Amino acid sequence: MGDLDRALSEELAARRESGLLRRLPQPVTAYTDADAGEHQGARSRVSLGTNDYLGLSRHPEVIAAAQNAVAIYGTGATGSRLTSGNLAVHSDIEAALADFKGTEAALVFPTGYQAAIGTIGALVGPGDLLVSDALNHACLIDGCRLSGATIRVFAHNDAHHARRLLAGRRAFRRCLIVTEGLFSMDGDLAQLAGLAALREEFGCWLMVDDAHGTGVLGDGGVGACAAAGIRADVQMGTLSKALGSSGGFIAGSRTLVEHLVGAARSFLFTTGLPPASAAAASAALCVLRREPERVEAMRRIATKLRKEFVRAGLNVLPGHSPIIPILIGDPLRASAVAAQLDPKYQVAAIRPPTVPAGTSRLRVTATSLLEDADIEEIVEHFRLVVSRVQPA
Ligand SMILES: *Cc1c(COP(=O)(O)O)cnc(C)c1O
């Protein structure tokens with residue numbers, strides 16, 4: 001065994017022992033029995049781990065749009081947006097996103113992760129202040145760290161704490177407050193009104209990563225800012241969750257977008273979003289705007305599933321979103337529970353560092369594709385498995 005493998009094997013063993021080892025789950029071979037073809041053992045899945053809240057990733061119009069884009073543009077963008085890779089499907093989705101979010105402009109990145117790290121670094125740097133929620137997604141944390149600005153972290157959803165951290169605001173040039181809109185692992189909403197008030201009081205900018213709120217919150221799924229009735233300077237989102245595609249975006253002023261095009265390194269120095277992804281997201285947005293009842297269907301099923309989990313005695317974190325975390329606590333126990341759940345549900349154990357120590361959980365998500373008839377079986381199965389796997 002070489003030196004590298006020896007060092008890494010020790011690290012892997014330590015992670016295995018503490019229940020923090022991560023491995024890829026069984027690959028999905030098909031989503032329906034009809035599609036399974038040669039893949040024996042593929043079964044119809046009722047995914048409870050997906051972020052495809054509205055079931056748009058396999059919508060016929062969305063698939064057709066992706067196929068059509070491949071036929072026209074090929075499989076890749078072939079270069080950075082600033083060189084050969086700027087395609088009409090990019091400007092189409094950007095115009096549609098700006099219209100949907102009610103902003104002057106929008107800019108798409110190959111992933112949401114890249115949208116976060118590039119944008120934060122393009123807005124603040126050394127001498128500036130970042131005020132960031134303790135439960136922010138890793139891409140926001142990494143974006144903050146990469147920027148070189150001073151980072152102050154406030155207790156989750158605690159605008160009073162954020163306010164205390166802003167007491168030293170005047171020592172800094174710019175100040176950016178960063179939060180998620182709908183928190184990805186807890187399923188609760190940011191206190192956006194409180195943060196928007198701080199933005200005014202201290203002369204800060206507000207960035208809201210609404211990866212999970214887009215297509216989910218507010219009238220017609222416009223998102224967390226619209227739902228809270230506030231204006232954020234920088235609205236971030238992904239095409240990869242409720243829009244069923246892949247890619248990230250920033251929506252905001254024309255000036256912001258013009259700045260990011262030349263200053264966000266994760267936009268400049270990477271190949272443009274694949275044409276199929278851009279076209280699929282445009283089609284998904286069309287379906288969402290035409291059929292807002294999908295959002296209602298998802299909300300209704302989420303409320304019911306959440307209520308039934310609670311009734312079954314599971315430790316569900318409170319909230320009103322399709323993200324339904326079932327708290328387990330210990331990472332080894334959470335992994336054991338996840339391993340015993342029927343794989344067709346595709347629910348993984350969420351453990352540190354994704355969530356704080358002692359709060360390992362199953363993160364269940366409700367989608368508009370779930371049916372009332374599925375719920376009883378799901379809840380009874382979860383109840384049984386959780387009660388069978390005792391705390392260590
Ligand atoms: C998923 C997620 C992202 C990253 O989006 P990708 O498009 O998957 O890279 C960013 N922020 C939050 C809050 C997320 O949940």
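Start by selecting Arg163 and Glu201. They form a salt bridge, and their closest N and O atoms are 2.3 Å apart. Look at where each one sits. Arg163 belongs to helix H7 (residues 159–165) and Glu201 to helix H8 (residues 192–202), so this pair ties together parts that are 38 residues apart in sequence. Keep in mind that you are viewing a predicted model.

Now colour the two residues by accessibility. Arg163 has 40% relative accessibility and counts as partly exposed. Glu201 is partly exposed too, with a relative accessible area of 44%.

**Next stop: a buried pair**

Select Glu94 and Arg81. Their side chains meet in a salt bridge, 3.0 Å from N to O. Glu94 lies in helix H4 (residues 88–101). Arg81 lies in the loop between helix H3 (60–73) and H4. The pair therefore ties together parts that are 13 residues apart in sequence. Are these two residues buried or exposed? Glu94 is buried, and so is Arg81.

**A salt-bridge network**

Move on to Arg290 and Glu291. They form a salt bridge with the closest N and O atoms 2.8 Å apart. Arg290 counts as partly exposed, at 45% relative accessibility. Glu291 counts as buried, at 18%, because buried means under 20% relative accessible area. Glu61, Arg290, Glu291 and Arg294 are linked in a network of salt bridges. How many salt bridges does the model hold? The count comes to 19.

**The ligand**

Which residues are closest to the ligand? They are Gly112, Tyr113, Asp209, His212 and Lys241, out of 15 residues that surround it.

- Asp209: a polar side-chain atom lies 2.5 Å from a nitrogen atom of the ligand.
- His212: a polar side-chain atom lies 2.6 Å from an oxygen atom of the ligand.
- Lys241: an N or O atom in the side chain is 2.8 Å from an oxygen atom of the ligand.

On its own, the ligand has 380 Å² of accessible area, and the protein covers 85% of that. Then colour the shell by element. Helix H5 (112–123) and strand S6 (234–238) are the elements that give two or more residues to the shell. Colour it once more, by class. The shell has four nonpolar, eight polar and three charged residues.

**Along helix H5**

Stay with helix H5 and pick Ala122, which is found there. Ala122 is buried, with a relative accessible area of 10%. For a sense of scale, draw a line from the C-alpha of Ala122 to that of Ala96. The two are 24 Å apart in space and 26 residues apart in sequence.

**Strand S2**

Select strand S2 (residues 129–133). Five of its five residues are buried, so the strand is largely enclosed by the rest of the structure. Show the side chains. In a regular strand the side chains alternate between the two faces of the sheet. Here Leu129, Val131 and Asp133 point one way from S2, while Leu130 and Ser132 point the other way. All of them are buried.

S2 and S3 run parallel and are joined by five bridges.

**Last stop: a three-stranded sheet**

Now select strands S8, S10 and S9. They make an open sheet in the order S8-S10-S9, with antiparallel pairing. Which strands stand at the edges? Strand S8 (323–329) and strand S9 (349–350) do, each with a single partner strand, so one side of each is left without a neighbour in the sheet.

Trace the pairings. S8 and strand S10 (residues 360–365) pair in the antiparallel sense over six bridges. Within this pairing, Ile324 has Val364 in S10 as its bridge partner. Two bridges join S9 to S10, again antiparallel. Ala349 has Leu362 in S10 as its bridge partner.

Finish on S10. Six of its six residues are buried, so S10 is largely enclosed by the rest of the structure.

Definitions and conventions. Residues are numbered from 1 along each chain as its sequence is written. This is a predicted model: local features need pLDDT of at least 70, side-chain atom pairs count only at pLDDT 80 or more; totals for chains, interfaces and linings use all residues. Side-chain values use heavy atoms; hydrogens and water are left out. A residue is near a molecule or strand if one of its heavy atoms lies within 4 Å of it. A polar contact is a pair of N or O atoms within 3.5 Å; within protein, one must be able to donate a hydrogen and the other to accept it, and residues adjacent in sequence count only if both atoms are side-chain atoms. Accessible areas come from the Shrake-Rupley method with a 1.4 Å probe; for residues, only the protein chains shown count as cover. Helices (H or I, at least four residues) and strands (E, at least two) are DSSP runs, numbered from the N terminus. Ala, Val, Leu, Ile, Met, Phe, Trp, Tyr, Cys and Pro count as nonpolar, Asp, Glu, Lys and Arg as charged, and the others, Gly among them, as polar. A salt bridge is a side-chain nitrogen of Lys or Arg within 4 Å of a carboxyl oxygen of Asp or Glu. Buried means under 20% relative accessible area, exposed over 50%, partly exposed in between (1.4 Å probe, protein chains only). Two strands pair if DSSP finds at least two bridges between them.
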